[in-house]
Amino acid sequence: MALSISTISPIAHTYISPAVNVNSSQNFTSSNHNLTLFSSSTNKTVFTSLSLYRRPVSAAVSSSSRTTIETGNLLERVEVIDLNGNSILISDLWKDRKAVVAFARHFGCVLCRKRADMLAAKKDKMDAPGVALVLIGPGNVEQARAFSEQTNFKGEVYADPSYASYKALSFVSGVTTTFTPGAALKIIEAYMEGYRQDWELSFEKDTRTKGGWQQGGIIVAGPGISNISYIHKDKEAGDDPEVEDILAACCS
């Protein structure tokens, strides 16, 4: 009697090995969470994987399909503001298209400016399949405009003064997620590469009253209001995902 092995990945950045039919002449062996399927009839290993057939390739947050849908529903009611001061439902940014959406810590953040460049450098690959590049920051429209002008960011920029999108996505916040050895090292690296913090923006009321402790992340969403196929939540300041994982989720 054959046993069919298959798995379903809830989000695009997790890659799953294909289904395998297992006959009675095939044997399982496992060690340290490694799983191997050996076929005595062919004398070959026909399946090998980690952690119950799942091989994650990113440190991004892995969530269930139900959680992803719930997150999409929460975001559906969130409004952001474009550079002209117009309010727009955040879900409209990906309702009719696919989009890579980066959430900055704040508009003055040096690490966010480096991340913006990292994504903008891949915009041609996003443009080819019609994927939009979007950056959202917690703050007001004036701060968003200043960021756009200073960085010449190639994508769309929006402000979220209420932090509503950050709350809906459950992005972490706090002193312990901001002042870490890893974050300090990345700030030094960013400065050595020529990036600079905008301290005026960093100490304006909208940022200062929140302490500047907010962390961000990146999602790939759409088309469809609740269709979120990739989520990366920063564990600390400067916790960049692998850009190739983002491209695999948005453009493969």
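The structure is a predicted model, in which local features need pLDDT of at least 70 and side-chain atom pairs count only at pLDDT 80 or more, while totals for chains, interfaces and linings use all residues. Residues are numbered from 1 along each chain as its sequence is written, and side-chain values use heavy atoms, with hydrogens and water left out.

Helix 2 spans residues 110-120; helices (H or I, at least four residues) and strands (E, at least two) are DSSP runs, numbered from the N terminus. Because 8 of its 11 residues are buried, helix 2 is largely enclosed by the rest of the structure. Buried means under 20% relative accessible area, exposed over 50%, and partly exposed in between, for a 1.4 Å probe and protein chains only. Among the buried residues of helix 2 are Val110, Leu111 and Arg115.

Two packed helices are described by the angle between their axes and the distance between the axes. Helix 2 packs with helix 7 (residues 181-192) at an angle of about 65 degrees, the axes being 9 Å apart. Here axes are lines fitted to C-alpha atoms, for helices over the stretch in contact, and angles run from 0 to 180 degrees between N-to-C directions. Val110, Leu111 and Lys114 of helix 2 make the contact (heavy atoms within 4.5 Å) with Ala183, Lys186, Ile187, Ala190 and Tyr191 of helix 7.

Lys186 of helix 7 is partly exposed, with a relative accessible area of 27%. Lys186 and Val110 are 76 residues apart in sequence, and their C-alpha atoms are 9.7 Å apart in space. Leaving aside neighbours within four places in sequence, Lys186 is in contact with Leu111, Ala237, Gly238, Asp239 and Asp240. The side chain of Lys186 also reaches the backbone oxygen of Gly238 at 2.7 Å.

Asp239 is placed in the loop between strand 14 (228-233) and helix 10 (243-251). Asp239 counts as buried because its relative accessibility is 10%. A polar atom of the Asp239 side chain lies 2.9 Å from the backbone nitrogen of Lys235. Not counting residues up to four places away in sequence, Asp239 touches Arg115, Lys186, His232, Lys233 and Asp234.

Another loop, between strand 9 (87-89) and strand 10 (99-103), holds Ser91. Ser91 is buried, with a relative accessible area of 1%. Apart from neighbours within four places in sequence, Ser91 is in contact with Leu75, Glu76 and Ile225.

Note on methods: Polar contact = N/O pair within 3.5 Å; in protein donor to acceptor, adjacent residues only side chain to side chain.
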